[in-house]
Amino acid sequence: MNFLWLLRMKRWVQHPPSWGRVKLVLGVVALCITLVTIEHIWGWPDALTPNVGQSRTPRLSP
């Protein structure tokens with residue numbers, strides 16, 4: 001482990017984050033877990049899948 005990481009951990013222990021920041025981080029983690037769970041249960045919607053390799057305008061034959 002790098003010595004700078006040890007100093008950073010020491011500073012974090014001496015001056016912990018505020019309760020508001022802890023709630024913010026936990027909220028973001030909960031949102032991410034919720035989105036992954038929804039995607040795992042119901043799958044990815046076809047409307048949000050990019051059409052790679054397909055042109056947007058149909059070609060007209062001469």
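**Stop 1: the nonpolar patch**

Select Met1, Phe3, Leu4, Trp5, Leu6, Leu7 and Met9: together they make a nonpolar surface patch of about 800 Å². Nonpolar side chains (Val, Leu, Ile, Met, Phe, Trp, Tyr) are joined within 5 Å. Areas come from the Shrake-Rupley method with a 1.4 Å probe, and for residues only the protein chains shown count as cover.

This is a predicted model: local features need pLDDT of at least 70, side-chain atom pairs count only at pLDDT 80 or more, and totals for chains, interfaces and linings use all residues. Residues are numbered from 1 along each chain as its sequence is written, and side-chain values use heavy atoms, without hydrogens and water.

**Stop 2: helix α1**

Pick Leu6, in helix α1 (residues 3–14). Helices are DSSP runs of H or I, at least four residues, numbered from the N terminus. Leu6 is partly exposed because its relative accessibility is 42%, between the limits for buried (under 20%) and exposed (over 50%).

**Stop 3: helix α2**

Select residues 19–42, helix α2. The expected span is 1.5 Å times one less than the number of residues. Just after α2, Gly43 has a positive phi of about 85°.

**Last stop: everything**

Select the 62 residues of the protein: 0% count as buried.

Definitions and conventions. Helix = DSSP H or I, 4+ residues; strand = E, 2+ residues; numbered from the N terminus. Patch = residues over 30% accessible without salt bridge, like charges linked within 9 Å, V, L, I, M, F, W, Y side chains within 5 Å. Salt bridge = Lys/Arg side-chain N within 4 Å of Asp/Glu carboxyl O. Buried < 20%, exposed > 50% of the residue type's maximum accessible area, 1.4 Å probe, protein only.
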